[in-house]
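Please look over the structure below with its domains, loops and charged pairs in mind. A short report follows.

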Amino acid sequence: MATVLERVSEFKNEALIDFKDPANKAKMEAALAAVRAGGSATYDLIINGRRVRGAGTFKTSNPAKPSESVGTVQKASPAQAREAVAAAEQAFYSWSKVPAAQRAALLFKAAELTRARRFEFDALLVLEVGKSWGEADGDVAEGIDFLEYYAREMLRLDGPHPVTPVPGEKNAMIYIPLGVGVIIPPWNFAFAIMAGMTSAAIVAGNAVVLKPSSDSPVIAYKFVELLEQAGMPPGVVNLVTGSGSEIGDLLVQHPRVRFISFTGSKEVGLHINQLAATPQAGQIWIKRVVAEMGGKDSIVVAADADLDAAVDGVAASAFGFQGQKCSACSRAIVEAPIYDEFVNRLKKRVATINTGDPADPSVTMGPVINEGSLKKIESYVAEGKKEGTLIAGGERASGEGYYMQPTVIADVKPDAKIAQEEIFGPVLAVIKAKDYDDALRIANNTEYGLTGSVYSQDRSKLERARDEFHVGNLYFNRKCTGAMVGAHPFGGFNMSGTDSKAGGPDYLLLFLQAKSVSEKVG
Ligand code: NAD
C-alpha cells in the first residue's frame, strides 16, 4: 500500500496573485476595506484555546497612517505567560502522540484555509506592516509554502530510519519531538516567518507559546484562529502578546521550556542565547536555541557584468519592502572600471521609485515600520553623509506615515559604520573595489553572512565566489532577496544566526531529537 507521503503530490511553490487582473484588484480593495472596518476590534490572548484578557492593552497601527488602528491587543502578564507554558506542556503529552500523518494533515488544511483567505491576509500585511500589494502577497504565498513543505517533510521523517544491520538485533532510529517551545518571530515577514516557525515546531509534535512582534500581533492572532479552524487541539499553540522585553525573558528562562525558535535582530538573538544557556532550578535539559538573525548583505558587481541587470537587481534588493528584509542588499560593491557608470545608472533607477501609502497599488515603496525605526535610519543617514557622498534621498519623505526616501550613499569605505552595521531601512552604501579580488575581500568583511549576489558574465569569477563568498544564500546574476521555500533553503552564517535553513530538508530536525532502539532477537 502507498504511504501517506507517496499519496501526497510533489511540493510546488504557490503562484502569486496577478493584481493587474481587475477581478483580483477588486477583491484586494474589498479586503482592504474589510480589514479597515475591523480596526476597532480587540484581540485576546489564546491560552489552552480560551480567549483571555491581559493585564492591559496596546494598539497596533498602520505605519502609513499611524492614527489608524489595526486592532487592540492584550499585554500578557507574567502569570499569563507562565500559564501559556503550562498549557503547552499539558497539550504536548497528547499532541506528541498524534500520528505524524495527522499532524501533517493539520498543516495541509491550514494551507487550504489560508488560500481561501489570501486577500484578507494580504490586506492585513498592507495595513499592519506597510507592505505593497506584491510584497504582501509574496509573504502570504511563502507562508502557504512553509505549511505545504513542512507537512511533507514530517511525512518523510516519520517512521523508523535505516541503520546498519547487525546479526541478532533488530535496530531502528526514530525522530521524536522535543517538548515545549517558545516561538519568537519578527514583524518583517509577519505572516510567512511567524507561520513557518510555528508550523515547523508543531508538525514535529511539539507544543508552543507563540509570542509575536508587538508590530504585527493581529496577523498572528488570525493565524492561530485559522489553525484552530483547521482542527488544532487547544494548547498546541498558545498566543501571548505583549512587550518582548517584559515577557520574553520570562518565557526564555522558564525551566519547562525545551527550545526557543527566534528570528530577529542580532542583539536580541544573542541575549536570548545567553539567557537560555543558564539552567534554571528544576530544568533537566540544555535548551536548544535556533536563532535566525540580521544581515549586512552585499551585491558584487564585476567589471564584466550586465550593468542594467545589476542596477535593477541592486535597486530591487535594496528598496523592496523599504529595505526591511534580512536579505536586503545594503552594500553594492562595484569594480573600479564601471563604478562611475554604475552610480549614474543607479541614481536614475532610484528616481523611478514611487514612495507613498502602499494601500495604493501604484506605490512601490511604503513606510518603515515605526517612529523608532525611522529615527534610527535617519541617524545612520546622518552618519553616512559624513562617511560618503549622498547620491539619492537622505530625507524623510512627505506624508503622515513613517516615510523615508530611498537613499544611496556612494564612495563609502568598506569599514565605515554604514558599511558594517545593519540599518534595516532603505539605505544603500556603494563601495568601490580596486578589482574582483578586492570586491570579494570586502564582501566578506562584516560579522554577518546571510545573503549575497554576484553580477558577472565570467564563469571563473562566479566559481570563485561559490568557494569564497561566505554567506548562507548566494545568488548569481539575480537579486539577493526573494528566497523560495524548497528551492533556496534560507539562513545565514556567523552573526546571522545558528546556521539553520528555513524551507530546507534539514529544518525540521531542529525541532526533533533522534532515538535509537535496539532489540536482541533469535
Ligand atoms: P527584534 O530582534 O527587535 O525582535 C524580534 C522578536 O523578538 C520580536 O517578536 C520581539 O518582540 C522579540 N523580543 C524582543 N526582545 C525580547 C526579549 N528580551 N526576549 C524575547 N523576545 C524578545 O527584530 P525585529 O525588528 O522584529 O526584526 C528585524 C530583525 O530580524 C532584523 O535584524 C532582521 O535582519 C532579522 N531577520 C532575520 C531573518 C533571518 O532569517 N535571518 C529573517 C527576518 C528578519
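In which loop does Gln-322 lie? Gln-322 sits in the loop between α11 (307-319) and β13 (329-335). Helices here are DSSP runs of H or I with at least four residues, strands are runs of E with at least two, and both are numbered from the N terminus. Gln-322 is not a glycine, yet its phi is positive, about 60°. Its relative accessibility is 1%, so Gln-322 counts as buried. Buried means under 20% relative accessible area, exposed means over 50%, and partly exposed lies in between (1.4 Å probe, protein chains only).

The model is predicted: local features need pLDDT of at least 70, side-chain atom pairs count only at pLDDT 80 or more, and totals for chains, interfaces and linings use all residues. Residues are numbered from 1 along each chain as its sequence is written, and side-chain values use heavy atoms, leaving out hydrogens and water.

**Two domains**

The domain assignment gives domain 1 (21-293 + 500-518) and domain 2 (297-484). Such bounds come from an automatic or database assignment. The C-alpha centres of the two domains are 31 Å apart. At the interface, 24 residues of domain 1 are in contact with 29 residues of domain 2. Contact means heavy atoms within 4.5 Å.

The two domains bury about 2100 Å² between them, and 58% of that is on carbon and sulfur atoms. On the domain 1 side, Pro-63, Ala-64 and Trp-187 lose the most area to domain 2, together 23% of what that side buries. Buried area is the accessible area (1.4 Å probe) that two parts lose on being put together, summed over both.

Polar contacts also span the interface: 12 residue pairs, both residues at pLDDT 80 or more. A polar contact is a pair of N or O atoms within 3.5 Å; within protein, one must be able to donate a hydrogen and the other to accept it, and residues adjacent in sequence count only if both atoms are side-chain atoms. Elements giving two or more residues to the domain 1 side are α2 (22-37), β5 (65-75), α5 (118-129) and α6 (133-157).

Ser-132 is in the loop between α5 and α6. Ser-132 is buried, with a relative accessible area of 12%. Leaving out residues up to four places away in sequence, Ser-132 touches Val-126, Pro-358, Val-363 and Thr-364.

**Salt bridges**

Side chains of opposite charge can pair when their charged atoms come close. The whole structure has 32 salt bridges, and two cross the interface of domain 1 and domain 2. A salt bridge is a side-chain nitrogen of Lys or Arg within 4 Å of a carboxyl oxygen of Asp or Glu.

| Pair | N to O distance |
|---|---|
| Lys-325 and Glu-135 | 3.0 Å |
| Arg-51 and Glu-228 | 2.7 Å |
| Glu-335 and Lys-461 | 3.2 Å |
| Arg-396 and Glu-378 | 3.0 Å |

Arg-51 lies in strand β3 (residues 50-52) and Glu-228 in helix α8 (residues 217-229), so this pair ties together parts 177 residues apart in sequence. Arg-51 is partly exposed at 34% relative accessibility, and Glu-228 is partly exposed at 24%.

Are Glu-335 and Lys-461 buried or exposed? Both are buried.

Finally, Glu-14, Arg-115, Arg-118, Asp-137, Glu-148 and Arg-152 are linked in a network of salt bridges.
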